[in-house]
Amino acid sequence: KWRRWSVAADWPGGEVPVPGADVTVEKKWKMYLDVPNADVNKLEVFGKLVVEDQRDVTLNATWILILGPNARFYVGDEEAAFSHTATINLKGHRGTPEIRYGRNINVGAKAIGVFGKLYLRGADRAVSWTRLTQSAKTGSKTLHLSTAPLWYPGDKLVVTSTSYDPEQTEIVTIDSILDSAITLTKPLQFDHVVEPFLSVDAANAHARWRSK
């Protein structure tokens, strides 16, 4: 039997987890994470947890632990990519304590500890990197590329530095695309000069996860 995160009867005590709770997916459970927003403190997965591919999903957690040889956490899988946007935010602050698994393994703070299997598969990209055909100046919001990649508004790109300062590498977000010209949501902070060439990488697919 498949359980659903949103169904109170599928949880011990007959209540859906409240924001900030410690949550356990038991060893024999198979559960769909079927809510658009889930906020937990510690998420322990001993069974099978699948992010349902019906909507964009955000999971906020201080720790996520996938525990045991049969423990599985899926955002997409080998057969099908996750077609929406999945965001995993690891929350906390400088004083967030570290946690341990067993006697000797320090999982850390604001962490994902994988002692089972974690599947993360976003939309496939035919083009993962390309080159600029024109220099992009500070304050510009347009990138002219040598190819017309199959990327989407909201995707993040890495625009590499063309100076001796690696800190001038920028992570930018696509606002719109017209053929091989990309408009960004915010202006560039640095010059990116086309000589001899500059590469632009697709930094994410439709499934995204980040720590903050």
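**First stop: the cores**

Select Trp5, Leu33, Leu43, Leu49, Ile64 and Phe73: of the 26 residues in the largest nonpolar core, these touch the most other members. A nonpolar core here is a set of buried Ala, Val, Leu, Ile, Met, Phe, Trp, Tyr and Cys residues joined through side-chain atoms within 4.5 Å, where buried means under 20% relative accessible area, exposed over 50% and partly exposed in between (1.4 Å probe, protein chains only).

Now colour strands E2 (21–25), E3 (30–33), E4 (37–45), E5 (48–51), E6, E7 and E8, each of which supplies at least two residues of this core. E7 gives the most, with 5 residues. Strands (E, at least two residues) and helices (H or I, at least four) are DSSP runs, numbered from the N terminus.

There is also a second, separate core of 12 residues, which includes Leu132, Leu143, Val159 and Ile182.

Before moving on, a word on the model: it is predicted, so local features need pLDDT of at least 70 and side-chain atom pairs count only at pLDDT 80 or more, while totals for chains, interfaces and linings use all residues. Residues are numbered from 1 along each chain as its sequence is written, and side-chain values use heavy atoms, with hydrogens and water left out.

**Second stop: the cavity**

Select Leu33, Val51, Val57, Leu59, Phe73, Val75, Ala86, Thr87 and Ile88, the lining of the largest cavity. Its volume is about 50 Å³. On a 1 Å grid over the protein atoms alone, a cavity is a set of points where a 1.4 Å probe fits but cannot get out, a pocket is an open set with protein on both sides within 12 Å along at least five of seven lines, and lining residues have an atom within 4 Å of a point. Which strand gives the largest share of this lining? That is E8, with 3 residues. By class, the lining has 8 nonpolar, 1 polar and no charged residues.

Next, pick the second largest pocket, with about 170 Å³ of space. Among its lining residues are Trp2, Tyr32, Lys48, Asp53, Asp77 and Phe82. E5 gives the most to this lining, with 3 residues.

**Last stop: Glu195**

Finally, click on Glu195, in the loop between strand E16 (181–184) and strand E17 (199–202). Is Glu195 buried or exposed? Glu195 is exposed, at 67% relative accessible area. Draw a distance to Leu132: the two C-alpha atoms are separated by 9.6 Å, though the residues are 63 apart along the chain.

Definitions and conventions
Points joined across faces, edges and corners; volume = space filled by probe spheres on them. Nonpolar A, V, L, I, M, F, W, Y, C, P; charged D, E, K, R; others polar.
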